[in-house]
Amino acid sequence: MTETMTAIAIEGGKGPAEALKAVQIARPEPKDGQILIKVRAAGINRPDILQRWGLYPPPPGSPETLGLEVAGEVVTGAGRWKTGDRVCALLGGGGYAEYAVCDSRHALPIPKGLDFVQAAALPETVFTVFANVFEHGRLQPGETLLVHGATSGIGTTAIQMAKAHGARVIATARGADKARTARGLGADVAIDAKSEDFAEIAKREGGCDVVLDMVGGDYFAKDLDALKMDGRIVFIASLGGGDVTLPIGRLMQKRGVVTGSTLRPRNPDEKARLAAAVEALAWPWIEAGKVRPQVDATFPLAEAAKAHAHLEAGAHVGKIVLVVGKS
């Protein structure tokens, strides 16, 4: 094992996809309580794009290089992990590289039946869905979840996890083909948001108890319109606009809750709590085949720029994964 490694850096500190370049940097050294992972695959997420543009800096103490989730083999163990264990892990950064370190409590065993590429598509999305839909949104069996961006990595995961939990799912996507894909993943109702009014359809279907919204903007008024009494709207992004108008009287009439969260800045103990809860609830679903990571495309580590361009083009279904060496 050499003292240096290949990683992906942002030339100039920020910029377009083409700014992503393979460089040689020092291999990270695990601190107390951390494990060193030989990375086999790394998931790509929209927060990576925000960081590339200089809009989402890493938390203090995290690597400056990109990458929030990986799968690979433990090189240096800690906690429950020993050398050779196959894990996937949630990171504060640094996943686009040959090696990565993380708090040992933030790694989980690769579910039976999954390879490294599939496993690398899990941590960021499953943790995000669990925290926002099941904790902040308090989704219960028999309730209805409205999820936007149904064919994104988050959307495909949210549909499957909600169905595994016994909930009903109404999904929106931009285009008829993507709506059909959402139905194939288990959505009870799939709406082409480009040509249909999702609020009107959701109301005809009885309304929604929980809304998972990554769009914001003019979607918010329709979310509130589609919401049942005592419903919850949870924001995880604002791709359609970060400012919304909140009609307080309407929110009061519905006894509604509007909330939201981010995952990356949470402290290590909170992420460890989430990891344990995710392993207990979601890992059995994955191993039973009720939840399967949807991988749209893979790219070699050195082609991270092409992978980012593919994500930004918006035609993908599920996750995009970087392959590091043999996966």
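This is a predicted model: local features need pLDDT of at least 70, side-chain atom pairs count only at pLDDT 80 or more; totals for chains, interfaces and linings use all residues.
Residues are numbered from 1 along each chain as its sequence is written, and side-chain values use heavy atoms, with hydrogens and water left out.

**View 1. F198 and Y219 form a tilted ring pair.** The structure holds four aromatic pairs. The ring centres of F198 and Y219 are 5.0 Å apart and their planes meet at 45 degrees, so the pair is tilted. (Rings of Phe, Tyr and Trp, the last by its six-membered ring, pair if their centres lie within 6.5 Å; planes under 30 degrees apart are stacked, over 60 edge-to-face, and the rest tilted.) F198 belongs to helix α6 (residues 198-204) and Y219 to helix α7 (residues 219-226), so the pair ties together parts that are 21 residues apart in sequence. Helices (H or I, at least four residues) and strands (E, at least two) are DSSP runs, numbered from the N terminus. F198 has 2% relative accessibility and counts as buried. Y219, at 11%, is buried too. (Buried is under 20% relative accessible area, exposed over 50%, partly exposed in between, with a 1.4 Å probe and protein chains only.)

**View 2. F220 pairs with F235.** Their ring centres lie 5.9 Å apart with the planes at 40 degrees, so this pair is tilted. It links distant parts of the chain: F220 sits in helix α7 and F235 in strand β12 (residues 227-235), 15 residues apart. F220 is buried at 2% relative accessible area. F235 is buried at 18%.

**View 3. Three residues make one aromatic cluster.** The members are F130, F134 and W285.

**View 4. Arginines sit over the rings of F116 and Y56.** The charged end of R86 is 4.4 Å from the ring centre of F116. R264 lies over the face of Y56, 5.3 Å from the ring centre. (A charge sits over a ring if NZ of Lys or CZ of Arg is within 6 Å of the ring centre and within 35 degrees of the ring normal.)

**View 5. E200 contacts K203.** E200 is in helix α6 and, at 36% relative accessibility, is partly exposed. A polar contact of 3.2 Å joins the side chains of E200 and K203. (Such a contact is a pair of N or O atoms within 3.5 Å; within protein, one must be able to donate a hydrogen and the other to accept it, and residues adjacent in sequence count only if both atoms are side-chain atoms.) E200 and K222 are 22 residues apart in sequence, with their C-alpha atoms 8.4 Å apart in space.
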